Amino acid sequence: MLSYYHSLKDKYVFIFTSGYYNQVIDANILRAYNKDLTSLLKIFDYNAIGTNYYQLVELFILNGFKLYSISKEKDLYYEINKYVDVLKDNLSVDSTIYQYYNYLNQGYKLALSSDKLTGDVINKYEKNIESVLEKLEKSTNSVQYLKMNKLFINFKMNFGSMSINSIIILLQSLVDKFPLDIECKWILYKCYRILKEDLYCENILENIIVLQPDNYLAWIELANYKKDTKSQLECHLQVVKYCKYSKKSWKFISKNSENPKIVSLSEKQLKKNFIIEV
C-alpha cells in the first residue's frame with residue numbers, strides 16, 4: 001500500500017512541477033485531486049518526503065482555490081487555511097511564497113462573506129501582490145520573482161480580473177525572460193486553448209516537449225491536435241513510454257497499432273487495475 005502512495009505522490013509532484021495543474025478546468029477532476037492530495041498530506045510529512053511535501057501543500061492550496069473559483073464551495077476554505085498555516089509554521093513570514101498564499105487566503109476569506117468575489121477584494125489583493133513583485137524585481141531573486149508572477153497570473157485567470165489577451169502579453173514577457181520555464185508555457189497554452197487558437201496550442205506543446213521530452217502530459221494534450229491517426233498514435237506511444245498509467249493511451253494503441261507485439265502489450269496493460277490514472 002505504501003508503494004501505491006509513493007506512486008501517487010510522484011504523480012502529483014509531476015503535475016505540480018510541470019505546471020500541468022494549470023490546464024484542469026473540470027470540477028470533478030479538481031475534486032479528485034483534492035481527495036488524493038488530502039490522503040497524501042495525511043500520510044506523508046516533511047521528514048518522510050522532504051521538499052516534495054511543500055510541493056504537495058502548494059498544489060493542495062492552488063487546487064482548492066481553483067475549485068472554489070469554479071464551484072464556489074465555501075467549506076474548502078477551512079482546509080486551505082490549515083495548510084496556509086503549515087507554510088507559515090515552516091517558512092519565514094518574510095518568505096515570498098508564504099506572503100503570496102497569505103494574501104490569497106485573506107482574499108478568499110473576504111470572498112466568503114459575500115456572494116461573489118467583488119472588485120474591491122480583487123483590487124486589494126492585487127495591490128498587495130504588486131508591491132511584493134516590485135520588491136522582487138529590484139532584488140536579485142529571479143526564482144521568487146518568476147514564481148510570484150506565475151501565481152499572480154493564475155489568480156487573474158481564475159478570477160477573471162484581466163482579459164486573456166492582456167494575460168498573454170504578460171506571459172510572453174515572462175517567456176522571453178525565462179525561456180526554459182515549462183509552467184509559463186503551460187499557462188500560455190491554456191490561454192490560446194481558451195481562444196481556440198489550435199496552431200498556437202500545437203506549437204507551444206511541441207516546444208514544451210523539446211525542452212522536456214518525458215513530459216507525458218504534454219504528449220497527451222498534443223494528441224488532441226493531431227488530425228491523422230498515425231500522428232495521434234505516435235503521441236500515445238510517447239505517453240506510455242514515460243508513464244504506464246494512461247488508460248486512454250493504451251486503448252488508442254490497442255485499437256490503432258499495426259504492430260502485433262505492441263497490440264498484445266497494450267491489451268495486457270488494459271487488463272490491469274488502473275488504481276492510478278493520468
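Visitor: What makes Gln232 count as buried?

Guide: Its relative accessibility is 19%, and buried means under 20%, so Gln232 counts as buried. Bear in mind that this is a predicted model.

Visitor: Where does Gln232 sit, and what is it in contact with?

Guide: Gln232 is in helix α13, residues 229–242. Leaving aside neighbours within four places in sequence, Gln232 contacts Ala223, Lys226, Lys227 and Phe252.

Visitor: Cys191 is in α10, I see. How do you know that the length of α10 agrees with what a helix should span?

Guide: Helix α10 covers residues 182–194, which is 13 residues. At 1.5 Å a residue α10 should span 18 Å, and its end C-alpha atoms are 19 Å apart, so the two agree.

Visitor: What makes α10 "mostly covered"?

Guide: Of the 13 residues in α10, 11 are buried. Among them are Glu183, Lys185 and Lys190, along with Trp186, Ile187 and Leu188.

Visitor: What is going on at the two ends of α10?

Guide: At its start, a side-chain oxygen of Asp181 comes within 3.3 Å of the backbone nitrogen of Glu183; the cut-off for a polar contact is 3.5 Å. After α10 comes Lys196, with a positive phi near 60°.

Visitor: On to α11. Does the length check say agree or disagree there?

Guide: Agree. Its 14 residues, 198–211, should span 20 Å at 1.5 Å a residue, and the end C-alpha atoms are 20 Å apart.

Visitor: Why do you say the buried residues of α11 are on the same side?

Guide: The residues in question are Cys201, Glu202, Ile204, Leu205, Ile208 and Ile209. They cover an arc of only 165° around the axis, so they lie on the same side of α11. As background, an α-helix has 3.6 residues a turn, so residues three or four places apart point the same way. The face turned away from the buried side carries the exposed residues Leu199 and Val210.

Visitor: What covers the buried residues of α11?

Guide: The cover includes α10 and α12, residues 216–223.

Visitor: Which residues have the most contacts inside the largest nonpolar core?

Guide: Tyr12, Ile61, Tyr101 and Trp186, in a core of 82 residues. Helix α4, residues 51–71, gives the most to this core, with 11 residues. Apart from it lies another core of 5 residues, among them Val240, Trp250, Phe252 and Ile253.

Visitor: And what does the whole protein come to?

Guide: It has 15 helices and 0 strands. Of its 278 residues, 51% count as buried. Among contacts between residues at least 6 apart in sequence, 60% join residues at least 24 apart.

Conventions: Residues are numbered from 1 along each chain as its sequence is written. This is a predicted model: local features need pLDDT of at least 70, side-chain atom pairs count only at pLDDT 80 or more; totals for chains, interfaces and linings use all residues. Side-chain values use heavy atoms; hydrogens and water are left out. Helices (H or I, at least four residues) and strands (E, at least two) are DSSP runs, numbered from the N terminus. The expected span of a helix is 1.5 Å times one less than its number of residues. Buried means under 20% relative accessible area, exposed over 50%, partly exposed in between (1.4 Å probe, protein chains only). A polar contact is a pair of N or O atoms within 3.5 Å; within protein, one must be able to donate a hydrogen and the other to accept it, and residues adjacent in sequence count only if both atoms are side-chain atoms. The arc is that of the directions from the helix axis to the C-beta atoms. Contact means heavy atoms within 4.5 Å. A nonpolar core is a set of buried Ala, Val, Leu, Ile, Met, Phe, Trp, Tyr and Cys residues joined through side-chain atoms within 4.5 Å.
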